[in-house]
Amino acid sequence: MNKKDIINFRQQGCLETILKRRSIRNFKEKDVPEDLVEIILETGRQAPSAGNRQPCRFIVVRERDTINKITDTTYPGTARDSDKHQDWIRTAPLLIVICTDNRNTVARYGQMGKKASLLDTGAVVENMLLAVVSLSLASCWIGGFRESELKQVLEIPDDIKVTSFLPIGYSDENPEPRGRKDMNELLFYEKYGQKQ
Ligand SMILES: Cc1cc2nc3c(=O)[nH]c(=O)nc-3n(C[C@H](O)[C@H](O)[C@H](O)COP(=O)(O)O)c2cc1C
C-alpha cells in the first residue's frame with residue numbers, strides 16, 4: 001500500500017465513504033495492486049458474524065479466462081435463463097467471489113444458522129464495498145448469476161453457497177447517486193406503520 005492510500009484509508013470518514021459509494025459498471029484498463037486487495041479482504045475478515053462463526057471464504061480471481069467464464073454465468077436483470085450476460089463485468093481486472101460455508105453456523109444455531117450466515121455474508125460484502133471506495137477503487141455487488149454454473153467454474157464444493165461476487169477496478173464512469181425512497185416512506189415510530 002502506498003502512503004497516499006494509507007492516508008486516504010485512515011482519514012476518510014465512514015459516513016463520507018457510505019455516501020460516496022455507487023455501483024460502478026465500467027472499469028479502466030488498470031490493475032489493482034495486491035496490497036489494496038489485501039486491505040479489502042481484511043475488511044471482509046473483520047465483519048461481524050453470528051456467534052463469530054465467520055462463515056465466509058474468499059476467492060480472488062485475476063485470470064482473464066476465469067473472469068470471462070464467471071461473466072458467462074451472469075444474466076441481466078431477472079432474466080435468469082437468458083443467454084445474455086452482464087458483459088461489462090469483463091472490464092474488471094479482478095473479482096472477489098464471496099463463498100458461504102454455513103456448517104459451523106448451522107451446527108450452533110440449527111436451521112436459523114442458514115439465514116444467519118447469509119446475513120453474515122451481506123455484512124462482509126458491504127464492508128468490502130466500503131473499503132473499495134476508501135481506496136479510491138470501484139465495484140458493484142453482483143448477485144445475478146447462476147450459482148451452480150459459477151461453482152463449477154471455481155470448483156466450489158456442493159455444500160458451500162455463493163450469493164455474491166465483486167468485480168473491482170478503477171472506475172471509468174461517474175454516475176449520479178441512485179435515488180432512494182423518501183425517509184418518510186421507510187420510517188415508523190413505536191409500531192410498524194405508525195407515523196409520529
Ligand atoms: C444483493 C444484491 C445483488 C445485486 N446484484 C446486481 C447485479 O447482478 N448486477 C448489477 O449490475 N447490480 C447488482 N446490484 C447492485 C444494485 O443494482 C445497486 O446497488 C442499486 O441499484 C443501487 O445503486 P447504487 O449501488 O449505485 O446505490 C446488486 C445489489 C445487491 C444488494
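Trainee: Which residues are around the ligand, and what makes them count as near?

Mentor: They are Arg22, Ser23, Arg25, Gln86, Cys140, Trp141, Ile142, Gly143, Gly144 and Arg178. A residue is near a molecule if its C-beta atom, placed from the backbone, lies within 6 Å of it. The model is predicted: local features need pLDDT of at least 70, side-chain atom pairs count only at pLDDT 80 or more, and totals for chains, interfaces and linings use all residues. Residues are numbered from 1 along each chain as its sequence is written.

Trainee: How does the shell around the ligand divide?

Mentor: Into three nonpolar, four polar and three charged residues. Ala, Val, Leu, Ile, Met, Phe, Trp, Tyr, Cys and Pro count as nonpolar, Asp, Glu, Lys and Arg as charged, and the others, Gly among them, as polar.

Trainee: What makes strand 2 and strand 4 a pair?

Mentor: Pairing takes at least two bridges found by DSSP. Strand 2 (residues 94–100) and strand 4 have seven, so they pair, running antiparallel. Ile96 stands opposite Leu166 in strand 4. Strands here are DSSP runs (E, at least two residues), numbered from the N terminus.

Trainee: Why is strand 4 called mostly covered?

Mentor: Seven of the nine residues in strand 4 (residues 161–169) are buried. Buried means that 20 or more other C-beta atoms lie within 10 Å of the residue's own, with C-beta atoms placed from the backbone.

Trainee: What share of the protein's 196 residues is buried?

Mentor: Buried residues make up 28%.

Note on methods: Buried ≥ 20, exposed ≤ 12 C-beta atoms within 10 Å, placed from the backbone. Helix = DSSP H or I, 4+ residues; strand = E, 2+ residues; numbered from the N terminus.
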